[in-house]
Amino acid sequence: MRILRTLFAPGRNFDLKAPARQWFLARLPRLVLAGACSLLAVAAHAACPPSAIASLGKPGSAVGQWNAVDRGLLWRADRDGRTSWLYGTIHLGRAEWVRPGPTVQKALEQSDALALELDARDPATMRAMTQPADPALVARLLSGQRAQRLARQNEAACVPPGTMSGLQPILQVTALAGLVARADGLYPEFGVDETLAVSARNNSKPVFALESAASQLKMLTGDSEAEEAEQIDAALDELESGQLRTQMKELAEVWARGDVDKLGRYPEWCNCINTPAERRLMKRLLDDRNPGLADGIERMHAGGRRVFAAVGALHMVGPQGLPALLAARGFTVAAVPLSAQPPLAVPAAPAVTPPTAEGRNARGARNARNTRDARGARGSQAAKSSSAKSSSSAKGSKPSAKPAQRAPATKAKQRR
């Protein structure tokens, strides 16, 4: 299974326990895969990527040092005298992506409700996603060589043995997809969907789920045990080859710059739709789900709510994407330009260039000349002053110099 698509399609994240001083982290909801709650605390080993919290301790990483800029893909959808919004998200991100940009934030403020694929705070969602798997199923799907491969990937991701052993087999592998990109500064804790949920709840805006946890599990596991096993093997192939990390990084960059054209050509460059199983998975991930997502958005809009619908960015592109589906249902849909600029960091102190030997010698020579000139000027002035006093004493009268004639000496004293 090409599990990298779960970063854009299924709404799932990991748990993060953060200090209260990290306001945006402390308010992040419990993540869907609660069985992975300890994963981010095990990266103390030097070979492990830093945890999300540890990544904030790097120079220039404090949240206050970034300007919030617009990223991603945004559409407005008008009907019945109301405006709803479609926002294409990514389910992992960088720390500097936590704060929504001004255009996205304004659209969220102008809406009445936030609609996500799943509401990770919903207790029913948590129960469904963390329900222990059938031990017999786990034994059949995760045994022998496949179990050894999974164990090696857990070790590479710094996941303690047994941390996720009770989860559905496909979820055990999917969980690793959210960890492989940590080396590139991409964390599920900074996923765009959840940061929007934080912003909505902080402003007393209701959050709704467009799908159920059960439907997403069904989408992941496929139609048979054999298909789930095939997807697990494909996922392990991607993790072992490093292809998953590369594709996740590229997808994140495409999202961050709002490159809708390249995202629309995803099947051409993802190297992820090569087999019948992969094509079936892609259909389940996107085409089969989009009508239901559109139904939920339309139903909320028709009920009088202005909806801000934030779902994976791949749901937004192509003839079966949500903008096209809503347009077919009578909405006037228009893309809202988002111009992502690099975050403005607190300016660093200018670098001091070490002087060269030639430069030191030149400055030394200049300083020596200046010192000699200054001493010479003082000596000359002292001689003139002494001569004037001697002449005045010899004549037995006051010095004959007028105030205007003493002005240069006064200026010289001021310069000294």
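**Note on the fold: sheet, core, helices and disulfide**

1. Leu114 touches Leu108, Leu196, Ala197, Ala200, Lys205, Pro206, Val207, Phe208, Phe308 and Ala310, leaving aside residues up to four places away in sequence. A contact here means heavy atoms within 4.5 Å. The model is predicted, so to speak of it plainly: local features need pLDDT of at least 70, side-chain atom pairs count only at pLDDT 80 or more, and totals for chains, interfaces and linings use all residues. Residues are numbered from 1 along each chain as its sequence is written, and side-chain values use heavy atoms, with hydrogens and water left out.

2. Leu114 is also one of the residues that touch the most other members of the largest nonpolar core, together with Tyr87, Leu196, Phe308 and Leu322; this core has 86 residues. H11 contributes the most to this core, namely seven residues. A second, separate core has six residues, among them Leu56, Ala95, Tyr187 and Phe190. A nonpolar core is a set of buried Ala, Val, Leu, Ile, Met, Phe, Trp, Tyr and Cys residues joined through side-chain atoms within 4.5 Å. Buried means under 20% relative accessible area, exposed means over 50%, and partly exposed is in between, with a 1.4 Å probe and protein chains only. In soluble globular proteins, nonpolar side chains tend to be buried together.

3. Overall, the protein chain has 18 helices and six strands. These are DSSP runs numbered from the N terminus (helices H or I, at least four residues; strands E, at least two). Of its 416 residues, 46% count as buried. Among contacts in the protein chain with a separation of 6 or more, 82% are between residues 24 or more positions apart.

4. The six strands of an open sheet are ordered E4-E3-E5-E2-E1-E6, and the pairing is mixed. Strand E4 (207-209) and strand E6 (332-336) are at the edges with a single partner strand each, so one side of each has no neighbour in the sheet. On average, neighbouring strands of this sheet are turned by 25° against each other, direction ignored. Two strands pair if DSSP finds at least two bridges between them.

5. Strand E5 (residues 307-312) has six of its six residues buried, so it is largely enclosed by the rest of the structure. Strand E2 (residues 82-89) runs parallel to E5 and is joined to it by five bridges; Thr89 has Gly312 in E5 as its bridge partner. Strand E3 (residues 113-116) also pairs with E5 in the parallel sense, over four bridges, and here Leu114 stands opposite Phe308.

6. Strand E1 (residues 73-79) pairs with E6 in the antiparallel sense over five bridges. The bridge partner of Asp78 is Thr332 in E6. Helix H15 (residues 290-302) lies across E1, E2, E3, E4 and E5 and runs at about 155° to E2. Axes are lines fitted to C-alpha atoms, for helices over the stretch in contact, and angles run from 0 to 180 degrees between N-to-C directions.

7. Helix H7 (residues 169-177) is largely enclosed by the rest of the structure, because nine of its nine residues are buried.

8. In H9, the buried residues are Ala213, Gln216, Leu217, Met219, Leu220 and Thr221. They pack against H4, H7, H10 and helix H14 (276-287).

9. The axes of H10 and H11 come within 5 Å and cross at roughly 85°. H10 is therefore roughly perpendicular to H11; angles of 65 to 115 degrees count as such, under 35 as roughly parallel, over 145 as roughly antiparallel and the rest as oblique. Glu238, Leu239 and Ser241 in H10 meet Gln243, Leu244 and Gln247 in H11.

10. One disulfide is counted, taking a pair of cysteine sulfur atoms within 2.5 Å as the rule. This disulfide joins Cys48 to Cys158, with S to S 1.8 Å. The torsion about the S-S bond is about -100°, so the disulfide is left-handed. Cys48 lies in the loop between helix H1 (23-26) and helix H2 (52-55), and Cys158 in the loop between H6 and H7, so the pair ties together parts that are 110 residues apart in sequence. Both Cys48 and Cys158 are buried.
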